[in-house]
Amino acid sequence: MSAKKILHLDSNHQILLQQLADSGFENHEDYTSSKSEVEAKIADYDGIVIRSRFKIDKQFLDCARNLKFIARVGAGLESIDIDYAESKGIELIAAPEGNRNAVGEHSLGMLLSLFNKLNTADREIRAGHWNREKNRGHELDGKTVGIIGYGNMGKSFAKKLRGFDVEVLCYDIQENVSDGNAKQVSLSELQQKADVLSLHIPWTPETDKMVDSAFINAFEKPFWLINTSRGKNVVTDDLVSALESGKILGAGLDVLEYEKLSFENLFDGEMPAAFQYLLQSENVLLSPHIAGWTVESKQRLAQVIVNKIKMLYFGYTIGEMPEKRVTGIGGFFFKAKDPDALKAWYKQHLGIPVDQYGWTFWWKDADGNDCSTQWSPFKEDTTYYEPSTKPFMQNFRVENLDRLLAQLKNEGVTLVGEPESFEYGKFAWILDLEGNKIELWEPFDSAFL
Ligand SMILES: NC(=O)c1ccc[n+]([C@@H]2O[C@H](COP(=O)([O-])OP(=O)(O)OC[C@H]3O[C@@H](n4cnc5c(N)ncnc54)[C@H](O)[C@@H]3O)[C@@H](O)[C@H]2O)c1
């Protein structure tokens, strides 16, 4: 079978080419040809890897007769005609797992810098001015942060806010997205309560120009705005009016309405008046679309893309068998009105010989090792399942807790508290997508024997 050919249209971290070649793919790099030149040869390729060089439209897709996938080394897919590509059976691959941590940290950095006037203070000192009162800052403590769009990036930002005494609210068009780090509310409740608004929505017909004067004025209090999503989510003229009136207290903008699709340059042609206002405004902090653009995310984005391409072709990451993360149920814990009465009931009717903790089931795994699973009713007022509000908690047996925690951290999963070690094994706690707390246990079963 001939090697699958991949056309790389933007340069990326070297591991992308290396690891794909190691897995038997044939890489072709073309970082300069025009869109029509690429269209002339794209029928030869099984896949393309692109950042944002040009739009993948119907015309391009009609030329790409053998394309199995399009991988975008970034989070959003708005530069691709998604419906048309999917109608042709082309797999679309993005890598939000690769840069969400960067976006979370950048959003927090912008917010803290605005609150503490770091940028203006720094500029003034360099110009020879030692202005302390003028640069008196604000504290996040006690404020309410509203996040619109609670997906990869929104969740990452909320996670970064965990160490602050802030209330975090999120609004999303999908239901039940909240987790232990943010409470989902209606848009009007968010507008009523928020002191800070951070946007983490995709650019769609519904979110285009979403933040306009009517939207801003619907906020009850003056607020700070952070935008790391897309420039066109905000009407800059209306943002400027709100900065002038004081309704918006300050803005951290990593993205601008005037950016081109390729996000590469801004300063061609005449500068709009609103942009000139932003450039001169002291309570505006600008960065050139780099929220997701770190040394670490460059490598992580490439790795996520490689993994997803391998997954598409081989079903798992080649070279490694699908790794065992969880090896069994370690415990089933649930709240009960009267745990003692319940234990007696289970003993009487199901023959479970309970002790004060419930019962430990013993079994042997495929290798003949002794393994245990714990069954325990807890008192209803237990705090052990927090921040989850659910009446149950699962415990999973895991093969290697330290390695798994490093992987989960990398994947943006929320960890609860600090891992702990006991004579019967190591423990750590995470939240699943719905905010259910899960206990992870790397067991040392024989400690119970
Ligand atoms: N500045 C950067 O460097 C950078 C880096 C990465 C991502 N981004 C941008 O961040 C944004 C979010 O990316 P993501 O990976 O988190 O996307 P995502 O798809 O994981 O999450 C977006 C969330 O927004 C919600 N949403 C969609 N339309 C909405 C609406 N009208 N109102 C409220 N919620 C809505 C979705 O339901 C989803 O939960 C995108 O615009 C992306 O392009 C920017």
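## Close-up views of a predicted model

**View 1. The ligand sits among 33 surrounding residues, and the closest are Ala 75, Gly 76, Gly 149, Gly 151 and Gly 292.** Helices (H or I, at least four residues) and strands (E, at least two) are DSSP runs, numbered from the N terminus. The shell has 15 nonpolar, 14 polar and four charged residues. In this grouping, Ala, Val, Leu, Ile, Met, Phe, Trp, Tyr, Cys and Pro count as nonpolar, Asp, Glu, Lys and Arg as charged, and the others, Gly among them, as polar.

A note before you look further: this is a predicted model, in which local features need pLDDT of at least 70 and side-chain atom pairs count only at pLDDT 80 or more, while totals for chains, interfaces and linings use all residues. Residues are numbered from 1 along each chain as its sequence is written.

**View 2. The largest nonpolar core holds 80 residues.** A nonpolar core is a set of buried Ala, Val, Leu, Ile, Met, Phe, Trp, Tyr and Cys residues joined through C-beta atoms within 7 Å. Buried means that 20 or more other C-beta atoms lie within 10 Å of the residue's own (exposed: 12 or fewer; partly exposed: in between), with C-beta atoms placed from the backbone. Ile 48, Val 49, Ile 70, Ile 147, Leu 239 and Ile 305 touch the most other members. Domain 1 (5–94 + 297–307) and domain 2 (100–286) both contribute residues, so the core lies between them. The domain bounds come from an automatic or database domain assignment.

**View 3. Which residues does Ile 147 touch?** Leaving out residues up to four places away in sequence, its partners are Gly 154, Phe 157, Ala 158, Val 168, Cys 170, Ala 182, Ser 198 and His 200. Two residues are in contact if their C-beta atoms, placed from the backbone, lie within 7 Å.

**View 4. Domain 2 meets domain 3 (323–448).** Eleven residues of domain 2 are in contact with eight residues of domain 3. On the domain 2 side, H5 and H7 are the elements that give two or more residues. H7 supplies the largest share, four residues. This side of domain 2 has no nonpolar, seven polar and four charged residues.

Conventions. A residue is near a molecule or strand if its C-beta atom, placed from the backbone, lies within 6 Å of it.
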